[in-house]
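User: I have a model to go through with you. Can you take my questions one by one?

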Amino acid sequence: MKGYGKPIALFCAGLLAFTSHAQEHERKVVLHGSIQSDVLIPEEDEKIGTGSYDDWALTNTYVDLGLMSKNVEAGARLEFTEYPLPGFEADFKGWGVPHLYLKGISDFGFDVTVGDFYDQFGSGFIFRTYEERSLGIDNSLRGARLNVTAWKGVQFKVLGGLQRRYWDWKHGAWVGGADLEMNLEQYSSKMRDKGITWMVGASGVLKQEGDEDIIVSGTNYRLDLPTTVSAFDVRSRFQKGNYSVLAEYAWKSQDPSFDNGYIYHRGNALMLSASYSKRGASALVQVKRSEDMSYRSQRSMVGTSVFINNMPAFAYQHTYALAALYPYATQAAKGEWAFQGEFGYSFKRNTALGGKYGTKLKLNVSHIRSLDKDPVEEFNGSTYGTDGYKSKFFKVGGETYYQDINLQMEKKLTKAFKLNLMYMNQRYNKDVVEGHGGTIKSNIAVAEGKYQFNKKLTLRAEAQYLATKQDEGDWTYGLLELSVLPYFMFTVSDMWNNGATNLHYYMGSVTFNYKAHRLMAGYGRTRAGYNCSGGVCRYVPASRGFQVSYNYNF
């Protein structure tokens with residue numbers, strides 16, 4: 001708790017002012033919050049390679065509290081990660097109240113936040129602060145933000161602060177930025193009459209970071225590091241009827257860092273996205289080219305912390321266990337060409353392909369390639385301090401980083417039984433994503449069935465198979481889940497490597513729901529692998545033991 005006295009005192013002062021304001025104007029004050037606690041009582045298991053544990057129980061626990069009225073909001077979060085779950089970085093460990101904020105909301109179209117906050121400009125290419133607890137990410141800013149919506153069709157933000165890195169704010173850079181979005185249809189009655197919406201936006205971000213001693217290996221040369229790194233973003237989204245088009249371009253100044261090997265290449269990213277949607281049919285096509293877009297407030301940091309921005313992955317986010325066995329992590333520093341398409345069609349009821357209840361088909365295609373790069377002349381056998389490489393903007397590289405082609409079908413066969421099927425072909429470059437292991441080519445089949453006995457009793461089953469000649473070979477997965485509404489859910493599953501290891505990763509759990517409470521208790525093994533969300537991944541080591549999870553919202 002050391003170092004929290006001043007923030008907590010300021011927060012308490014804000015709460016007192018808030019309470020006085022609410023009482024003075026006799027406005028309703030609403031208390032809201034949540035509790036999330038995930039606990040593992042670990043056991044050693046030599047077969048799956050678990051390590052030894054110093055603590056009998058491990059937990060990540062969060063308590064959020066907030067007060068809200070018409071014109072003022074205040075909130076705080078208690079975090080207890082003194083004995084964290086496996087796989088988090090060492091500095092993740094700790095406990096205290098790292099998140100405090102006070103927000104004033106004006107009746108005239110603006111609001112001001114002081115304390116800790118999250119925000120995003122556009123698609124997040126140059127600025128996105130957010131929390132993702134499963135990955136251990138919380139890159140919030142501690143500072144101030146002004147948000148203005150007073151003018152018709154215009155939203156303007158300006159913000160600045162120090163970025164959180166677990167329990168430390170002292171060594172981070174100062175980060176500031178501004179964002180402007182305008183909805184042009186608000187100024188044209190003809191556009192509104194034709195159902196047209198047209199947004200244009202622009203953003204700018206600046207980080208101010210102290211100097212460091214980075215020495216070129218084998219020499220006495222010290223890099224002349226830029227202490228100010230700027231980034232800019234422009235974008236436009238046009239929508240008419242069922243059609244929508246988005247274009248976005250971002251640029252970043254020289255930003256030598258551990259991520260890019262301390263080269264002085266300027267970063268950029270371009271994204272084009274087009275979609276079509278109507279009842280029973282949809283299509284989405286996207287392309288993204290990015291290079292050297294890793295943007296941190298601490299240039300020498302590794303892992304998942306202190307990213308100022310977020311480069312989204314153009315890969316389908318799978319929920320089935322074997323389909324998610326080899327997830328893709330965005331290559332922000334290395335750069336990539338990414339292509340993605342999603343196409344959906346629903347065959348109507350009482351047709352040859354729709355049958356009695358209709359049929360839904362969805363095709364997803366993701367293909368991610370390297371950039372075409374020509375290296376520049378090295379200095380003393382190193383690219384430190386150089387531009388690193390040259391790259392032709394519209395030329396695609398020859399190396400495949402990731403490919404996923406999957407076809408899904410949803411079919412209701414009877415009034416009580418629903419069937420989902422999926423076939424997936426995947427190509428995963430483990431050398432690029434994980435640093436070793438070659439390219440893994442796999443074919444995956446999934447069948448999921450759900451049978452509803454009555455309004456309270458439903459049985460769901462999954463059968464999955466992954467076939468590959470690389471890595472650990474084939475995998476089989478099975479799951480049974482019985483829901484007894486409104487209180488209970490019973491689940492058993494097994495992920496079996498029927499390839500190289502012949503290991504079973506079994507799991508059994510019981511979930512209890514009552515009003516706003518959710519309690520899950522389970523026991524089993526967890527395979528070592530990567531947990532990913534939005535193109536950001538965290539390595540999770542293998543574990544075995546009792547698991548308890550509690551969630552409460554009020």
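User: Is Cys537 buried or exposed?
Analyst: Cys537 counts as buried, at 16% relative accessibility. Buried means under 20% relative accessible area, exposed means over 50%, and partly exposed is in between (1.4 Å probe, protein chains only). Areas come from the Shrake-Rupley method with a 1.4 Å probe, and for residues only the protein chains shown count as cover.

User: What kind of model is behind these values?
Analyst: This is a predicted model: local features need pLDDT of at least 70, side-chain atom pairs count only at pLDDT 80 or more, and totals for chains, interfaces and linings use all residues. Residues are numbered from 1 along each chain as its sequence is written, and side-chain values use heavy atoms, with hydrogens and water left out.

User: Back to Cys537. Which residue is joined to it by a disulfide?
Analyst: Cys532, with S to S at 1.9 Å. The criterion for a disulfide is a pair of cysteine sulfur atoms within 2.5 Å. Cys532 is buried too, with a relative accessible area of 19%.

User: What is the handedness of that link?
Analyst: Right-handed, with 110° about the S-S bond.

User: How many disulfides does the structure hold?
Analyst: One.

User: Switching to charges. How many salt bridges are there?
Analyst: The structure holds 34. Each is a side-chain nitrogen of Lys or Arg within 4 Å of a carboxyl oxygen of Asp or Glu.

User: Which residue pairs with Asp64?
Analyst: Arg77, with the closest N and O atoms 3.0 Å apart. Asp64 is in strand 2 (residues 58–68) and Arg77 in strand 3 (residues 72–81), so the pair links parts of the chain 13 residues apart. Strands here are DSSP runs of E, at least two residues, numbered from the N terminus.

User: What is the accessibility of Arg77?
Analyst: It is 3%, which counts as buried. Asp64 is buried as well, with a relative accessible area of 18%.

User: And Asp138, what does its side chain meet?
Analyst: Asp138 meets Arg164 in a salt bridge, 2.9 Å from N to O. Asp138 lies in strand 9 (residues 137–138), while Arg164 is in the loop between strand 11 (154–163) and strand 12 (174–183), so the bridge ties together parts 26 residues apart in sequence. Asp138 is buried at 12% relative accessible area. Arg164 is buried at 4%.

User: Which residues do salt bridges with shared partners join into one network?
Analyst: Asp64, Arg77, Glu79, Glu131, Arg133, Asp138 and Arg164.

User: What about Lys207?
Analyst: Lys207 forms a salt bridge with Glu209, at 2.9 Å between the closest N and O atoms. Both residues are buried.

User: Now the surface. Which residues gather in the patch of positive charge?
Analyst: Arg349, Lys356, Lys412 and Lys415. Patches are made of residues with over 30% relative accessible area and no salt bridge; like charges are joined within 9 Å, and nonpolar side chains (Val, Leu, Ile, Met, Phe, Trp, Tyr) within 5 Å. Lys and Arg count as positive, Asp and Glu as negative; His and the chain ends are left out. Charges are placed at NZ of Lys, CZ of Arg, CG of Asp or CD of Glu.

User: Where is Arg349?
Analyst: In the loop between strand 18 (336–347) and strand 19 (359–375). Arg349 is exposed, at 59% relative accessible area.

User: Which residues form the nonpolar patch?
Analyst: Tyr487, Phe488, Phe490, Val510, Phe512, Tyr514, Leu519 and Val548, with about 640 Å² of accessible area together. Strand 25 (488–496) and strand 26 (504–514) are the elements giving two or more residues. Strand 26 has the largest share, three residues.

User: And Leu519?
Analyst: Leu519 is in strand 27 (residues 517–526). It counts as partly exposed, at 37% relative accessibility.

Definitions and conventions: Helices (H or I, at least four residues) and strands (E, at least two) are DSSP runs, numbered from the N terminus.
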